[in-house]
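I set out to record the strand arrangement and the aromatic ring pairs of this model. The entries follow the order in which I looked things up.

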Amino acid sequence: MSNQLLISGHPDLSRSVANSQILKQLQNCSQIKIHRLDEIYPNYRIDVQAEQALLTQADIIVLQFPLYWSTYPALMKLWFDEVFTYNFAFGPEGDKLKNKKVILSITCGATENSYQLGEFNFLPLEQYLQAAVHPIKAAQMEIVDTVITFEMNSTPCEGGDQSTVMQLAQQHVERLIHLINQLNESA
């Protein structure tokens, strides 16, 4: 079995329903190591060497995050900025993450249809994610799939529903586990 690492980029899981439920279910269903950036770096001071060591040991890396204004939250952005350094993730000697398998695991509060021209989010989601995947591609990592679940809004005053989010989180976890199992079987 491969070494599986999930990097949780939610900035405060105590205020999350969708992402916290996904992580809770993964802890019970998988051999994946869950690495919560909000818990480890509440002050946003990233231990670059520790993070780089974790990444180099992993075979499969799941990047779990809620979509915040069409990209990952500030904590995960800072993590990329500080961890994906020259001669580690890119540059003449920057091949330490080359060929590592990556799964993007994204929760979106909005509907899938809102990510189109002329709708609330203006553009297709793929266009927003281009900037988000840039450091991954620069590091020559292999994005094997993206698991996206829309309508992960549990706030009633914003049109959300907690029971729907719990069901969607379960489906999200099932898709992630299936994908990880496929990768392990093909390894």
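My notes begin with the basis of the values and then turn to the sheet and the rings.

**Basis.** I worked from a predicted model, in which local features need pLDDT of at least 70, side-chain atom pairs count only at pLDDT 80 or more, and totals for chains, interfaces and linings use all residues. Residues are numbered from 1 along each chain as its sequence is written, and side-chain values use heavy atoms, leaving out hydrogens and water.

**Sheet.** I took helices (H or I, at least four residues) and strands (E, at least two) as DSSP runs, numbered from the N terminus, and counted two strands as paired if DSSP finds at least two bridges between them. I found an open sheet of 5 strands with parallel pairing, in the order β2-β1-β3-β4-β5. Its edge strands are β2 (33–36) and β5 (142–149), each pairing on one side only. Strand β1 (residues 4–8) runs parallel to β2 and is joined to it by 4 bridges; L5 has K33 in β2 as its bridge partner.

**Rings.** I paired rings of Phe, Tyr and Trp (its six-membered ring) if their centres lie within 6.5 Å, with planes under 30 degrees apart as stacked, over 60 as edge-to-face and the rest as tilted. The count came to 6 aromatic pairs. F65 and Y72 form an edge-to-face pair, because their ring centres are 5.6 Å apart and their planes stand at 80°. Both F65 and Y72 are buried (under 20% relative accessible area, 1.4 Å probe, protein chains only; exposed is over 50%, partly exposed in between). I noted that ring pairs link F65, Y72, W79, F80 and F84 into a cluster.
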